[in-house]
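Please look at the sequence and the structure below before reading on.

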Amino acid sequence: MPDADRTAYLATLAPGSNLDLRGTTISEAHLRALLLACTDPSTGHPRFGGAVFQSAVFSGGAHFESAIFSGDAHFEFATFNGDANFRSVVFDKSAWFGSVIFHGDTSFESVTFSSITWFEFANFDREVTFRAAAFSKDVSFKWAAFRGDSWLERINFNGDANFRSAIFDKSAWFEYTTFGGNANFRSAVFSGDVGYRSATFGKGAWFESAIFSRDAGFESAEFDGLQHLGPLMCMGRAGFDEARFAGPQVTIEMAAREASFDRVTFAGSVVVRLRYANVQLTHATLGGPSAIQAWPMPFLVSGGQLPEVGLPGIAHSMGVRLLSLDGVDTAQLVLEDVDLTQCHFTGAFHLDQIQIGFGCAFAGPPSGWRRRSGRLPVRCSARKALAEEHHWRAQVGDSGWRQGPYHGLPGVGAGPEDLAGVYQRLRKAFEEAGNEPDAADFYYGEMEMRRHDRSRPRAERRLLWLYWLASGYGLRASRALSWLVAAMGVTLLAMMLLGLPNDSPNPETTGTYTAGTVKTVTKTPDPSLTLPWRKRVSVDRAEKGALVVVNSVVFRSSGQNLTLPGTVIEMASRIGEPVLLGLAALAVRSRVKR
């Protein structure tokens, strides 16, 4: 417009005037003149009625700070080539920013949206700020693109907030934001860090098919009406530390590299289905039956499977690894197909009531021959072992065991006195579940920790050492059978060398006749062994000795005539060898019982 016509037009404007500048190119100077013409002298703030800026082009900076739009505000398809400042603006009616392009920094800080607000397909090329804004009714950012950092902190969404299929190329912060209605982030893509710290979700929080390329923080967030979260994908750390889930039943599904639930509170029951994740569940409060499950296949979402591009490359495997249960009451906790090789159980409560499924994996002792604290080489038999036992044994110098986070700090971390109780309670949990073979492994670990616990009496530890040496606490059949065979061999050799007489003694009968009465007396000479040492070992004597040994194993007397040393040897073998046979049978039973 010519300057004269423009001046005449501005002279017709007053506070509260309607504007129709659709398709108009507006410079920064022209906008200042427009705002000045509509400024209310009583408040000093521009005030418009209905405002139509559809397809308008703001060639420079657009500063609407503290303006009031009393009617509908239409900015659809507008282009802001410079910075756009809507700080402290009040939209009394609906605000339409669909398909708007913001090339510069954009600020809607402390803005009041009193009615329906529309930012669908909006494009924010640089930093955008909605800090402390208030949305009284529904707002939609569907398919919006946030190319710079996005600050949506301390916002009050009193209606539904729809960010479906929105794209965030850099970090996005929703901290201390209140979602009074449904929060819809379905299929949203977050390429930078995302923070929902201390956010409040009053109703549903829909993150189905959402993709988080880096960390997603929900620390201290409150989920009041949530029933189902996910399935979502997070290539970084999904943090729910100190979050609170108030619903009676919650299901969380996600594929993530890490998932942290430190000090989280679940008021009701919860089912957490995960893929790939390393999970922290320290000091969590579980208000009802709870389950952590490794999901065996990609999650199904509308349109197919949840994409997991990139996760297999940064995660160890699709399995879920639980790292800690410290401070958790596990009375109602179920673990299914979870890797527990690095899990810290010390500090958890009611471990005797935890339910651990058959698909859960525990650590095992190091394989092969190794040195233990500088002594002779030893080899550990296979069993289930806790990560804390690995850490303690590495601390005391046993080679081959995995070091813990406090390695090299004596006195820090769980010791045998702590681990004995943990093993005992886990053993009881497996016994209650009818899983006797795995319960036997935890009994072995319990006895090992008792044997190494120097706070126990020395006599008890020595007795446990003998029990371990003889049969692996009644759980190693091969060890007990090996000792039995060795004992039988020693007994056989001792019988040939010391126990069997030269020959079986022949009884002698003598009689006397007195006054018509015959009196007979039968005497058996004492067995004697006078053979030379080289003649005491023979096939015949070995057969007789074997008969004595076999009968001793089944706690019977062979009926052989033995020398005094042989009688003593037989008595000792009738006590010791049946005990070893019984320990072997006990070990076999512990492995096959259900």
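Is R126 buried, partly exposed or exposed? With a relative accessible area of 44%, R126 is partly exposed; buried means under 20% relative accessible area, exposed means over 50%, and partly exposed lies in between, for a 1.4 Å probe and protein chains only. This is a predicted model, in which local features need pLDDT of at least 70 and side-chain atom pairs count only at pLDDT 80 or more, while totals for chains, interfaces and linings use all residues. Residues are numbered from 1 along each chain as its sequence is written, and side-chain values use heavy atoms, with hydrogens and water left out.

The side chain of R126 forms a salt bridge with that of D105, at 3.4 Å from N to O. A salt bridge here is a side-chain nitrogen of Lys or Arg within 4 Å of a carboxyl oxygen of Asp or Glu. D105 sits in the loop between β13 (101–102) and β14 (106–107), and R126 in the loop between β17 (123–124) and β18 (128–129), so the pair ties together parts that are 21 residues apart in sequence. D105 is partly exposed as well, at 30%.

A second salt bridge joins E28 and R32, at 3.7 Å from N to O. Both residues belong to helix α2 (residues 28–37) and are four residues apart, about one turn of the helix. E28 is partly exposed at 32%, whereas R32 is exposed at 51%.

R237 and D241 form another salt bridge, at 2.7 Å from N to O. R237 is partly exposed at 24% relative accessibility, but D241 is buried at 14%. Elsewhere, salt bridges that share partners join R383, E389, R393, D398, E448 and R451 into one network. In total, the structure holds 29 salt bridges.

Now consider the whole chain. It has 10 helices and 53 strands; these are DSSP runs numbered from the N terminus, with helices (H or I) of at least four residues and strands (E) of at least two. The radius of gyration of the chain is 41 Å, well over the 25 Å that the globule rule gives for 594 residues, so the chain is more spread out than a compact globule. That radius is taken over C-alpha atoms, and the globule rule is 2.2 Å times the number of residues to the power 0.38. Along the principal axes, the C-alpha atoms fill a box of roughly 170 × 45 × 45 Å. Buried residues make up 48% of the 594 residues.
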